[in-house]
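Here is a friendly briefing to read alongside the model. Please keep the sequence and the 3D view open as you go.

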Amino acid sequence: MKTKLHIPILMVLGGILLAACGATGEQKMTSRLPRVEIQEYEGEDLSSVDDFRENSIKGPQTVSLEGYTLKVSGLVDNPLALSYEQVLERDSYSKVVTLHCVEGWDATILWEGVLLDDLFKEALVKDSAVIAIFHAADGYTSSLPVAYLKDKQILLAYKMNGEDVPRERGFPFVVVAEAKWGYKWVKWVTEIELSNDPDYKGYWESFGYSNNGDLDLPYFEP
Amino acid sequence: MIITREKRQLIRRIGRYCGWLGLGLLLFTLVTGYGIAEFRIVTPLTLGLINKAVAQRLHAYTEVPMIILLLAHIGVAVWARSTEAKKKEE
């Protein structure tokens, strides 16, 4: 009788012991720590990722990585459709660049991402391609010359000040169009289309903003 | 230089017009400024007439006229006060 009573007690104790072992030995704990944003880089003060004014055409977009692909299409011999992780596997580069908005504010950020030129080499961009049209998740578009993107080593950024690009700032990818007005910095990039049409006008360009977008020139077409 | 009563009245009237025009221009500057910063609200409200680009162009044009009108308005007011004070002294 005594032995019969002990068996269930022993089974319960054994179960608890096994569960405890599992918890300490097998299970991995994941906790979200507060974000750490770099505030200074090589002696240069950086702006915060919160120092931007949200001025996108349809408000902040939420891009789900499930099923997300970054397409490189148009005048290429090897069209690409890369997942977020696949883009991050490429060589990464970082540089401090200031965004100047036509509204009058600016923000200096340490950007990290892939070189657009690397993606172009992989996609085997045709010689006839003169501009790259960036398509965003909200339907926004803008274009930049291929020669400028190559020569200036322009980044497609996925990190700002050491942390992932926040949703409001263009997650997953932002074009760091240095020396160009802010409307050329396309956020929430989903596709890069190579084209031979140098007169292509993006969203704001079609309203009269300069297609060139150079910082040292007026932002309105004369 | 002698300024006749009629001329004085005319200058004061011009000062008043400058004030009202300046006020109108100030409100216009506020609307166009809001059209730049909050184009997602202003563009549909104006049925697309004032989009961000239009607002920004108009906003830029208002700066100089507003400064001129403001200076004219203040200048006339100061002149009117000083002439009144002189009159009283006499």
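This is a predicted model: local features need pLDDT of at least 70, side-chain atom pairs count only at pLDDT 80 or more; totals for chains, interfaces and linings use all residues.

Residues are numbered from 1 along each chain as its sequence is written, chains are lettered from A and ligands numbered from 1 in the order in which they are written, and side-chain values use heavy atoms, with hydrogens and water left out.

**The sheet in chain A**

- Chain A has an open sheet of five strands with mixed pairing, and their order is β4-β3-β12-β7-β8. Strands (E, at least two residues) and helices (H or I, at least four) are DSSP runs, numbered from the N terminus, and two strands pair if DSSP finds at least two bridges between them.
- At the edges of this sheet stand β4 (80-82) and β8 (141-145) of chain A; each has a single partner strand, so one side of each is left without a neighbour in the sheet.
- On average, neighbouring strands here are turned by 20° against each other, direction ignored. Such angles run from 0 to 180 degrees between N-to-C directions, with axes fitted to C-alpha atoms, for helices over the stretch in contact.
- Strands of a sheet pair through backbone hydrogen bonds, either parallel or antiparallel.
- Strand β3 (residues 70-74) of chain A runs parallel to β12 (residues 189-195) of chain A, and four bridges join them. Among the bridge partners in β12(A) are A:E191 for A:K71 and A:L194 for A:G74.
- Strand β7 (residues 131-136) of chain A pairs with β12(A) in the antiparallel sense, over six bridges. One of the residue pairs is A:I133 with A:E193 in β12(A).

**Where chain B meets chain A**

- Sixteen residues of chain A are in contact with ten residues of chain B, contact meaning heavy atoms within 4.5 Å.
- About 1100 Å² is buried between the two chains, and carbon and sulfur atoms give 51% of that area. Buried area is the accessible area (1.4 Å probe) that two parts lose on being put together, summed over both.
- In chain B, the residues that lose the most area to chain A are B:R40, B:Q56 and B:R57, together 46% of what that side buries.
- Seven residue pairs are in polar contact across this interface, both at pLDDT 80 or more. A polar contact is a pair of N or O atoms within 3.5 Å; within protein, one must be able to donate a hydrogen and the other to accept it, and residues adjacent in sequence count only if both atoms are side-chain atoms.
- Helices α1 (5-37), α2 (39-45) and α3 (52-89) of chain B each give two or more residues to the side that touches chain A, and α3(B) gives the largest share, four residues.

**Salt bridges**

- Which two side chains meet at 2.9 Å, N to O? They are B:R40 and A:E54, in a salt bridge (a side-chain nitrogen of Lys or Arg within 4 Å of a carboxyl oxygen of Asp or Glu).
- B:R40 lies in helix α2 of chain B and A:E54 in the loop between β2 (44-45) and β3 of chain A, so the pair joins two chains.
- B:E38 and A:R53 also meet in a salt bridge, at 3.5 Å, N to O.

**Backbone details**

- A:F171 and A:P172 are joined by a cis peptide bond with omega of about 10°, and A:P172 is in the loop between β10 (163-164) and β11 (174-176) of chain A.
- A:Q153 is not a glycine, yet its phi is positive, about 50°; this residue sits in the loop between α4 (146-151) and β9 (155-160) of chain A.
- Most residues other than glycine have a negative phi, and most peptide bonds are trans.
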